[in-house]
Amino acid sequence: MQGLCASGALSPTTWDLTVEGETRPERRRRLAFGVAVCDACPVKEQCATYARACPEISGLWGGLVFAAAGDEEIWDVIA
Ligand code: SF4
């Protein structure tokens, strides 16, 4: 079974923390959409478990945002 992000139907940047040229409202909407896709993904729990075990990981995984602790901008955007 594969994740919905591997289907090729959506832009791979959907799950990125940042996209060049994107405004803050655009980022907020994109990440909210990514979380909604993850919520419908059949491997959501496995994906989140994998990401939690990888300290260097960033982006959206399993419907959760993984970012460096000092990345205040991303936490402000998604708050
Ligand atoms: S839960 Fe993981 S595998 Fe599924 S769409 Fe989200 S990032 Fe991709």
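**Briefing: a predicted chain and its ligand shell**

Helix 3 (residues 72-78) has the lowest mean pLDDT (64) among the elements of the protein chain, while helix 2 has the highest (96); pLDDT is the predictor's confidence in each residue, from 0 to 100. Where pLDDT is low, the predicted coordinates should not be read in detail. This is a predicted model, so to speak of local features takes a pLDDT of at least 70 and side-chain atom pairs count only at pLDDT 80 or more, while totals for chains, interfaces and linings use all residues. Residue numbers start from 1 along each chain, following the sequence as written.

**Overall layout**
- The protein chain has 3 helices and 2 strands, and from the N terminus they come in the order α-α-β-β-α. Both kinds of element are DSSP runs numbered from the N terminus: helices are H or I with at least four residues, strands are E with at least two.
- The average pLDDT of the protein chain is 89, and 86% of the residues score at least 70.
- Of the 79 residues in the protein chain, 13% are buried (20 or more other C-beta atoms within 10 Å of a residue's own; 12 or fewer is exposed, in between is partly exposed, with C-beta atoms placed from the backbone).

**Around the ligand**
- The shell around the ligand counts 14 residues, with G3, C5, C38, C41 and C47 coming nearest (near means a C-beta atom, placed from the backbone, within 6 Å).
- Helix 1 (24-39), helix 2 (44-52) and strand 1 (59-61) each give two or more residues to this shell.
- By class, the shell has 10 nonpolar, 3 polar and 1 charged residues. Ala, Val, Leu, Ile, Met, Phe, Trp, Tyr, Cys and Pro count as nonpolar, Asp, Glu, Lys and Arg as charged, and the others, Gly among them, as polar.

**Nonpolar core**
- C5, W15, L31, C38, C41, C47, L60 and W61 make up the largest nonpolar core, 8 residues in total (buried Ala, Val, Leu, Ile, Met, Phe, Trp, Tyr and Cys joined through C-beta atoms within 7 Å).
- Helix 1 and strand 1 are the elements giving two or more residues to this core.
- Setting aside residues up to four places away in sequence, W15 touches C5, G34, G59 and L60 (contact means C-beta atoms, placed from the backbone, within 7 Å).

- F66 sits in strand 2 and counts as partly exposed because it has 18 C-beta neighbours inside 10 Å.
- Beyond its neighbours within four places in sequence, F66 contacts A51, I57, S58, G59 and W61.
- A68 is in the loop between strand 2 (64-66) and helix 3, and counts as exposed because it has 10 C-beta neighbours inside 10 Å.

Technical notes:
Contact = placed C-beta atoms within 7 Å.
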